[in-house]
Amino acid sequence: MRNLLSCLLAWVAVLPMLAQNEVDSTMVKVRLETTMGDIVIALSNLTPLHRDNFIHHVQEKDYDGVLFHRVIKDFMIQTGDIATKPQQPEPVVGKNGKNTPKQPKVKKEELTIEAEIRYPQLFHKRGAVAAAREGDATNPEHRSSYSQFYIVYGWDFNQAQVEYYTQKFDSAFNGKYKSTPEVKNAYATKGGTPHLDGNYTVFGEVVEGMDVVEKIQCVETDPADKPKEDIRIVKAVIVE
C-alpha cells in the first residue's frame, strides 16, 4: 500500500511538468529572416493577447522590412516599429495618363496592449522576447507597444550577483512576484536582464538563431543606439 501511495504521489508531481510540455509543444513559432541571418522565436501561450497580436502582424506582413532601430550591446536588440519600413514608391503615371493609386504611408502605431506579466514562468533570460513600451510616467499600467518588441541578450552573472538581483526584485514587488530556483539557475547559467522583470511583458523566446542575435547586438551604433548600417527583418513567417 505504501509503495502504491508513493507511486501516486510521484505521478501527481509529474503532471504539472507534462502539462507544461504540452503547452510548449503547441507554441506557435515565427521565423524572422533578417539581413544578418534567421531567428526563430516561439510565442508563449501564457500571454495570449501578445501571442495573437504578434501573429496578426506577421500575417499582415507588418514586420517585413522593419529596421532593428535600437541596439545596445550586452543588453538587447529592438525592432517592430512599422514606421521604419521602407518608404512606398511614388505613384506611377499609367498609359491612360492617370496616376495609379498611391499606397498610404505607414504610420507609427499608437495602440497599446494590456500587460501580461507572467513571472516567474516568463522572465528576461538571454533569448527572451518581450514587448517594448512607454515609460512609467505616461504608462503606469505597463501597457505594451502594439508592434515593437525586443530580444534580450544581457549580461553574464555569477551566483552572488543573481542572488542580489532576485532578492532586490522580490523585495521591490513585496510578494506580488516571487523568484524561483529555476529563475536563479537560468540567470546564473544563461545570463539576461533581471532588472526588467515585473515591468515588461515577456511573451516568447528564441529557439534558433541566438548566434544571429549575438552578431546584431555587437554592431556599431550611433549616439541614439541606431545601427550605423541598416539591419532589417526582410520577412517574418509562421513556421509550419
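I began with the second largest cavity, which holds about 30 Å³ of space; by cavity I mean, on a 1 Å grid over the protein atoms alone, a set of points where a 1.4 Å probe fits but cannot get out, the volume being the space filled by probe spheres set on the points, joined across faces, edges and corners. The model is predicted, so I note that local features need pLDDT of at least 70 and side-chain atom pairs pLDDT 80 or more, while totals for chains, interfaces and linings use all residues. Residues are numbered from 1 along each chain as its sequence is written, and side-chain values use heavy atoms, without hydrogens and water.

Among the residues lining this second largest cavity (lining: an atom within 4 Å of a point) I listed Tyr 119, Phe 123, Arg 118 and Asp 197.

I then looked up the largest cavity, with a volume of about 60 Å³, whose lining includes His 50, Asn 53, Phe 54 and Phe 149; α2 gives the largest share of that lining, three residues.

Turning to packing, I found 26 residues in the largest nonpolar core, where Val 30, Ile 39, Ile 41, Phe 54, Phe 149 and Ile 216 touch the most other members. Such a core is a set of buried Ala, Val, Leu, Ile, Met, Phe, Trp, Tyr and Cys residues joined through side-chain atoms within 4.5 Å, buried being under 20% relative accessible area with a 1.4 Å probe, protein chains only. A second, separate core of eleven residues includes Tyr 119, Phe 123, Phe 173 and Tyr 177.

Conventions. Buried < 20%, exposed > 50% of the residue type's maximum accessible area, 1.4 Å probe, protein only. 1 Å grid on protein atoms, 1.4 Å probe; cavity = no way out; pocket = protein on both sides within 12 Å on 5 of 7 lines; lining within 4 Å. Helix = DSSP H or I, 4+ residues; strand = E, 2+ residues; numbered from the N terminus.
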